[in-house]
Amino acid sequence: MKFDLDSYREIADALVRNKSRSLLTGFGIFWGLFMLLFLLGGGKGVKKMLSDTFEGFASNAVILVSRNTSLPYKGYKEGRYWDPKYSDLDRLRTLVPELDVVTGQIAFYNWKAVRNTNSMSVRVKGLSPEYSAIETPKMKYGRFINEVDVLNKRKVCVIGKEIYRNLFPEGEDPCGSFLQVGSLYFQIVGVDFSSGSLSINGNATNTVSIPISLAQQLKRSGNVVDLICATVRNGYSAKSVEPSIRQVMARQHNYDAEDESALLILNTQEIFTLVDSLFKGVDFIIWLIGLGTLLAGAIGVSNIMMVTVKERTTEIGIRRAIGATPGEILSQIITESVALTVIAGSFGIVFSVLLLNLTEVILSWNGEVASFQISFWTAVLALALLALLGIIAGLAPAFRAMHIKPVDAMRDE
Amino acid sequence: MLLELHDINKTYFSGQPLHVLKGINLSIDTGEFVSIMGSSGSGKSTLLNILGILDNYDTGEYYIDGKLIKNLSERQAADYRNRTIGFIFQSFNLIGFKTAVENVELPLFYQGVPRKKRHELALEYLDKMGIRDWAQHYPNEMSGGQKQRVAIARALITHPRIILADEPTGALDSKTSNEVMELLKELNREEKVTMIIVTHDPKVAEQTDRKIHISDGIIANG
């Protein structure tokens, strides 16, 4: 077998001068690779968009929500409601050492935020500085709520992205200016641009965060908190600390420790694991479909080459009659197959990259930050796979071509 | 003797066994201009295939230039076909997607001759055949006579010692037919190429120096 430039020209001629045949043969591969890469890129993009939803949210958080009791206990009837208290935070910190950050939240809904002539309905959350361990804020301007704010019950606030966009349409730094929320005026100390949509008591984008101590005063219900949020220390699972949390809360608030419905414990670890396995499933299906399509393309190439070889019996016979060895015919057909596959496949790669890019551009018009591109190494791997497929697809037709006798050329068409 | 055949037998076993060649004895010397005549089914095509190492024979001995041609490897057979023997077919058998000059170049491609050199040589041979102007044309743009000239140029380009022509004028009108025969005669005369023409046309056979009649698998005269 010869592998010089000349042989490649011979192959290129055979392919280029039989355009429709080459196009038809290559299309299967083109389509297969296009599908595989487009699905991979698309899958990656959708995954990225989904995981953006969880962005900034602690993956080891537990959220405690009080509910009506379902069992009678110590003379209390079932169906009693109880309130978690601010003091529970310290209690949990001491009695459940596996917990890292323990913090409370107090929320108000549908308050009206007004600045000049602009207004919008917002959510107000009373938070402490540690809350940033649960939902990491992305500070565009200024800072988050701090210790001093909480200690002095300062009338300061951090506003979300959506509020900033609506009330400060000029895009200036709002820190220091005042915002009317409900009947009160708060000084803005920061703008939080985090956009994760998994959040407690509503999205961070249209939330006004204020010091928890101030929120407590506004709520006028003693030291009640709406929610308790905590993170679990490294090395412990959220699931494993649940029983001790239930014990502590039940003893303090006089309900049965066995009463699971009295205290709802949301566990982000479980959600993250679920989403993770969902992604893995989606990945598996994508590879299955993509590789299947690619394989079908390769079989198509093999099939058409098979017919082609039959059609080219005379040509191959002539080549044999004027001195081509069977090995030369074999390598010619396989090289043709590989060249076709690789060229058609490269078009598939380019086309899928273009289309993925287009998807990105279109989505970014709607303000989504999307990333649908496949990685460089995925493309390289795909190309290597193609060359291999080309060889395999060319094998059967090549062996058939090899067995064409020169006498076959002499038969009249 | 350039070609020598002793008691060549060939039977085809596709369905009913068919004994096609029944002991052929033949010798052809260098520079001879020979025609092999016979009706269809007489075995003349089979004989040509064996002479051109396109097919194997069952028993007997076939020598080219004193070398026994039997059980050759594919590589050896390809080499003989490439260097020693040139073929001219009735249906020209040019490759349709190649231009005239590229068709002529093809045997040299399999010899590993560089592209530029074989292109020059091919043009030279087309010139010799009087169709240099048609070098860049595809076979379907040419007349039968022109196609056969391309095929002759392709057969000659490797300087073979033997040219085997299977009904070279079979697809041509009588005028073109005569031109092609003149050309073959000239080549035989000037280049001393041994020319073996298989035909059933007595007018073609008339123009050769020696006529070999084959009928029913044996040589009737020669």
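## Buried area between chains A and B

In this predicted model, chain A and chain B bury about 2,700 Å² between them. Buried area is the accessible area (1.4 Å probe) that two parts lose on being put together, summed over both. Carbon and sulfur atoms give 54% of that area. The contact joins 28 residues of chain A to 30 residues of chain B, where contact means heavy atoms within 4.5 Å.

This is a predicted model: local features need pLDDT of at least 70, side-chain atom pairs count only at pLDDT 80 or more, and totals for chains, interfaces and linings use all residues. Residues are numbered from 1 along each chain as its sequence is written, chains are lettered from A in the order in which they are written, and side-chain values use heavy atoms, with hydrogens and water left out.

## Links across the interface

The rule finds one salt bridge between chain A and chain B. A salt bridge is a side-chain nitrogen of Lys or Arg within 4 Å of a carboxyl oxygen of Asp or Glu. Arg320(A) and Glu74(B) form it, at 2.9 Å from N to O.

On chain A, helices H1 (5–16), H9 (313–321), H10 (326–365) and H12 (407–410) each supply at least two residues of the side that touches chain B. Helices (H or I, at least four residues) and strands (E, at least two) are DSSP runs, numbered from the N terminus.

## Ser331(A) in helix H10

Ser331(A) sits in helix H10 of chain A. Ser331(A) counts as buried because its relative accessibility is 10%; buried means under 20% relative accessible area (1.4 Å probe, protein chains only). A polar atom of the Ser331(A) side chain lies 3.3 Å from the backbone oxygen of Glu328(A).

## Chain B and its helix H5

Chain B has seven helices and ten strands. Of its 222 residues, 55% are buried.

Helix H5 of chain B (residues 144–156) is mostly covered: eleven of its 13 residues are buried. Among them are Arg149(B), Ile152(B) and Leu156(B). The cover includes H9 of chain A, along with strand S6 (85–88) and helix H3 (100–111) of chain B, among others.

Note on methods: Buried means under 20% relative accessible area, exposed over 50%, partly exposed in between (1.4 Å probe, protein chains only). A polar contact is a pair of N or O atoms within 3.5 Å; within protein, one must be able to donate a hydrogen and the other to accept it, and residues adjacent in sequence count only if both atoms are side-chain atoms.
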